[in-house]
Structures are given as structure tokens and as C-alpha cells.
Amino acid sequence: YNEGGAPTDSPTTVTPLNVLAAAVTSLAALEIDGSHFQDRRQGLHVAIQVDVSTAGSQATEFRWSPKLGLTHRLNSHLSAHASAYSAFRAPTLNELYRPFRVGDTVTLGNPALRPERLLGADIASRWKAHRDVTLRARLFANQLRDAVANVSEVNGPGIFPDWGVLPAGGIGARRENIDLIRSRGVEGGVEWEFAKSCAVSLGWIYTQARVVRAGVQPALEGR
């Protein structure tokens, strides 16, 4: 292993050319964002972002990240909001190329990683309970495709082509795309504005996520 903890016989070769190609993860981006309110009670928010991106040796891709939101003010103290959105994230340099070791677990990068894609929706409310106190709550549901995760593939002891020597109890892992993860949850919070331009907020969130499909590791499904 080298000083960074990576196996010296790792098959992933990092050259200035593929590092430069992976670094250019966002070649261009165009964003359109606008809001419209009618009688200060109903509001429509639309945002669209178009990214031209590339990851490593993959072909250049066009990705849309649209968001549509609707706000309705029920009265001067209470408002409701609903939105639907889509987004993506390109793999980072570390995820594509950098191996690392933590204890006896060696994790390799993966130049073949695909971008993560998110589709989600939420509903939320905001209540001004007092002149200085505001309460908020939100329910959300998301569907994440091609999530990047560290997936265990081999267990030591032994000598493995990609990971080299692994001791007893050692694990050889690789960054892989998980086909589909679904999550849902609830979020709440309270904000107290105790002085002009000064406020304290407290929030909490509960999320329940489940792997629906994982072709690289079917044992993860249902977890």
C-alpha cells in the first residue's frame, strides 16, 4: 500500500488526462427562476436549470433540473406550500478515481459511475404562532436512481486482483451505483426572532429510506 493507504496493484490508473476530464463536471449551466404572486395570497414558483456535464471518459450529457412550487396564504398567519422537483449529481473525482483505506476496509473508485438522479415532491406549512415565533412542518418523498454507495464485494483473508492483500476480517469494497432508493420523511422546526435581524431556530427531521433495486448487490434490496 502507498502512503495514502491505496493498494499499489490497483487497476485504476489516474492520469492527468482523465483527472482533467473528470474535473470538468459542469461545462455550462443555464438557470431560469421566477415567481408570481396574485393578491398576495397565491404564488407560483418555477425554476429550471440545464447543465451540460461530463464525468471522466463518459460522453457529454444534458441534464434538466426543474422545480415547480405553489404557495397559498390561508391568512396573515398561516400558509401552505407544495412542490415537485428533479435534480442530478455527477460523481466526484474521489468517487471516480480515488481509492482509500479505513482500518482493514479498502474502497476503490469507479470510473464507470453514472450520475445520481432525484425525483421528489413535498408539502409544507408555515404558521406564525406569535409575533416573534414561527412554526414550520414539511412532508416529503423522494426517489433516487443510481445512488453512489460503497458496496462490499470481497472479504479477507486473501489476495485479490483489485484490492491486493486483505487480512482476516478485511473488506474489499468499490463505489457502485444503486439502481433505486426510495425515501420519505417529515421535518419540523421553530424559529424565535428575539431581536431585529437576530433569530434562533430549532429543527428536526425523520427519514425512512429503503433500497428498492440493487443489481450490483441484490442482498441490499429491502434494507
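## T134 and its contacts

Once the neighbours within four places in sequence are left aside, T134 is in contact with R126, W127, K128, G189, V190 and E191. The model in which these contacts are found is a predicted one. T134 has its place in strand β8, which covers residues 133-155, and its relative accessible area is 9%. Because buried means under 20% relative accessible area, T134 counts as buried at this value of 9%.

## A positive patch on the surface

Turning to the surface, R182, R184, R210 and R213 gather there in a patch of positive charge. Two strands, β11 (171-195) and β12 (198-213), each supply at least two residues of this positive patch.

One of the patch residues, R182, lies in strand β11. The relative accessibility of R182 is 39%, and R182 therefore counts as partly exposed.

## A nonpolar patch on the surface

A nonpolar patch is also found on the surface, formed by L44, V46, I48, W64, L68 and L70, which together have about 560 Å² of accessible area. Here the strands β2 (42-53) and β3 (61-73) each supply at least two residues of the nonpolar patch.

Among the members of this patch is L44, whose place is in strand β2. With a relative accessibility of 41%, L44 counts as partly exposed, since the partly exposed class lies between the buried limit of 20% and the exposed limit of 50%.

Notes. Residues numbered from 1 in each chain as written. Predicted model: local features only at pLDDT ≥ 70, side-chain atom pairs only at ≥ 80, totals over all residues. Heavy atoms only, no water. Patch = residues over 30% accessible without salt bridge, like charges linked within 9 Å, V, L, I, M, F, W, Y side chains within 5 Å. Areas by Shrake-Rupley, 256 points an atom, 1.4 Å probe, with all protein chains shown as cover. Salt bridge = Lys/Arg side-chain N within 4 Å of Asp/Glu carboxyl O. Lys, Arg positive; Asp, Glu negative; His and termini not counted. Charge placed at Lys NZ, Arg CZ, Asp CG, Glu CD. Helix = DSSP H or I, 4+ residues; strand = E, 2+ residues; numbered from the N terminus. Buried < 20%, exposed > 50% of the residue type's maximum accessible area, 1.4 Å probe, protein only. Contact = heavy atoms within 4.5 Å.
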